[in-house]
Amino acid sequence: MNGWRGASPTARLLLVAVLLTGLTTFMFLPLLAIELTAQGIPAGRTGFLVGLLAFSSQAFSLLSGLMVDRLGPRRVMAAGFLLRIAGYVLLGLGGAGRPAPLVAGIVAVGVGGSMLGLSTKTLLVSQEGSDPRTMLALRSTFVNIGVVVGPALGALVYPLGFRYVLAACVLSHLVLGIGLVSGRTAAAVPGRTAAKATGPGAEPDAEPGAAPDAAAGRPGEVTRWTLLRHWAPLAALGVAYWAIYSQLNVLLPIAANELTGSTAAISVVFTANGLLVVLFQYTLLSRVLRRATARTLLALGFLAFACAYAVLIPLAGWYSLLAFVLPVTLAEMLIGPSLDEQAVNAAALRRTGLALGTMSAAGALGSLLGSSLGGQLLQTTRGGSRAWVLLVGCSLAAAAICLLLPKVRTRHA
C-alpha cells in the first residue's frame with residue numbers, strides 16, 4: 001500500500017494499534033454472549049449485557065470527542081487504554097454470582113473503546129503529509145482485518161478458557177498503551193493542520209458552492225446557517241446509514257435462512273463482505289475514486305445500498321443473497337469513511353474530535369432506530385418483499401439528501 005509507505009512513523013504505529021486492538025476486540029466480542037450463557041446467566045440478561053457494551057461505547061462518543069479536543073488525543077488515548085484494561089480484568093472477576101464487577105467491566109470496556117477509537121481516528125486524520133481520506137481508508141481496512149481474523153483467533157483460544165481471551169486483550173492493550181502514549185504520538189496535532197484545510201480559503205482545491213473553511217479561523221466566515229447547512233444533512237445521513245446498515249444484523253440473518261434454508265448462509269455473507277473490504281477499500285477510495293468529492297461518494301454509496309436491497313426483492317434464494325454481497329459491501333466501503341471525511345472537512349480548528357464524536361452519536365441513534373424498526377418490519381411484513389422495497393426507498397431518499405451537502409474536495413498530499 002502506497003498509503004502505508006507514505007505514512008509517518010506515528011501514523012504507522014497508530015494503524016498497528018488499530019489492527020491489534022481490532023483483533024483482540026473481535027476475539028472477545030463474539031464469545032461474550034456464549035461465555036455469559038455458559039456461566040448460567042439467563043438469555044434475557046445476557047442480551048441486556050451485550051447491548052450495554054455497545055450502548056456504553058456509542059452513548060459516550062460525544063463526550064469522548066469533547067475530551068479529545070479539550071484534553072488532547074494523547075491523554076484521552078491513555079485513559080481509554082486504562083479503562084479497557086480495567087474492564088477486561090473486571091470481566092474476569094465477574095460472573096453470575098458477582099454481577100457488580102461484570103457490569104462495571106462491560107461499561108469500562110465500552111467507554112474505553114469509545115475514547116480509544118475517537119482519539120486514534122483524530123490523530124490519524126491530523127497527520128502531516130497524508131490526507132484524511134487515505135488515513136480513514138487505511139484505518140477501515142485494518143479494522144476489517146480484525147473483523148475477519150479476530151473471531152477465528154478467538155475460536156482457537158476459547159477452548160483454553162475465556163480468561164485466556166481476556167488475558168490476550170489485557171496484554172495487547174498494555175503493550176500498545178505504553179508504546180503509543182510514551183511514543184511519538186505526543187507530537188501529533190490534535191486538530192487539522194492548515195495544509196489539510198478545505199473550502200474557499202483552500203484554493204485551488206475548493207469548488208463553487210463549497211462550504212466556508214471552518215479551520216481557517218477567520219471571524220465572521222462561519223455563520224450559524226453555514227453550520228446548519230452542512231451538519232443537518234450530514235447528521236441525517238449518519239443516522240440513515242446506520243439504520244440501513246443495521247438490517248444486516250436484524251433482517252438479513254432471518255431472510256438469509258429463509259432464502260437458502262441454511263443457517264450458515266449469513267456467515268457466508270459476512271465473511272465475503274469482510275474480505276472484500278480488506279482487499280479493495282483502500283484502492284477504491286485512494287486510487288480509483290481519489291478525485292471524487294466525499295459528497296459524490298456518499299451518494300454513490302446510498303445508491304449501492306438501494307441496488308443491494310433491490311436484488312433481494314425477487315426472493316431468488318442463493319442467487320439473490322450472493323448478488324446482495326457486492327453492492328452492500330460497496331456501500332459500506334464508500335459511506336463509512338466518507339461520512340467521517342465530510343465531518344472532518346466541516347469541523348472548526350481543534351474541533352475534529354467533536355466532529356467525529358457527533359458522527360458516532362448519529363450512528364448510535366441510527367443503530368437504535370434501525371434495530372427497532374427492523375424488528376417491527378419482521379412482525380408486520382412476515383416475509384415477502386415489502387421490507388426490501390421500503391429499504392430501497394430509504395436508500396434512494398438518503399442519496400437525494402447527499403445533494404444538500406456542500407461540495408468539499410479533500411486536498412491530497
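In this predicted model, Leu153 is partly exposed, with a relative accessible area of 32%. Leu153 belongs to helix H7, which spans residues 132-157, and together with Val149 and Leu156 it makes a nonpolar surface patch of about 260 Å². A relative accessible area of 40% likewise places Leu315 in the partly exposed class; this residue is found in the loop between helix H12 (294-310) and helix H13 (318-346), and its phi is near 55°, a positive value in a residue other than glycine.

Two packed helices are described by the angle between their axes and the distance between the axes. For helix H11 (residues 265-288) and H13, the axes come within 9 Å and cross at roughly 40°, which makes H11 oblique to H13. The crossing in which H11 passes H13 is right-handed.

A search of the whole structure finds 2 salt bridges. In one, Lys121 pairs with Asp340, and the closest N and O atoms are 2.9 Å apart; because Lys121 lies in helix H6 (residues 99-125) and Asp340 in helix H13, this pair ties together parts that are 219 residues apart in sequence. Both Lys121 and Asp340 are buried. A salt bridge is also formed between Glu341 and Arg133, with the closest N and O atoms 2.9 Å apart, and it links distant parts of the chain, Glu341 being located in helix H13 and Arg133 in helix H7, 208 residues apart. Glu341 has a relative accessible area of 1% and is therefore buried, given that buried means under 20%, while Arg133, at 2% relative accessibility, also counts as buried.

Note on methods
Residues are numbered from 1 along each chain as its sequence is written. This is a predicted model: local features need pLDDT of at least 70, side-chain atom pairs count only at pLDDT 80 or more; totals for chains, interfaces and linings use all residues. Side-chain values use heavy atoms; hydrogens and water are left out. Patches are made of residues with over 30% relative accessible area and no salt bridge: like charges are joined within 9 Å, nonpolar side chains (Val, Leu, Ile, Met, Phe, Trp, Tyr) within 5 Å. Accessible areas come from the Shrake-Rupley method with a 1.4 Å probe; for residues, only the protein chains shown count as cover. A salt bridge is a side-chain nitrogen of Lys or Arg within 4 Å of a carboxyl oxygen of Asp or Glu. Helices (H or I, at least four residues) and strands (E, at least two) are DSSP runs, numbered from the N terminus. Buried means under 20% relative accessible area, exposed over 50%, partly exposed in between (1.4 Å probe, protein chains only). Axes are lines fitted to C-alpha atoms, for helices over the stretch in contact, and angles run from 0 to 180 degrees between N-to-C directions. Angles under 35 degrees count as roughly parallel, over 145 as roughly antiparallel, 65 to 115 as roughly perpendicular and the rest as oblique. A crossing is left-handed if the near helix is turned anticlockwise from the far one by less than a right angle, and right-handed if clockwise.
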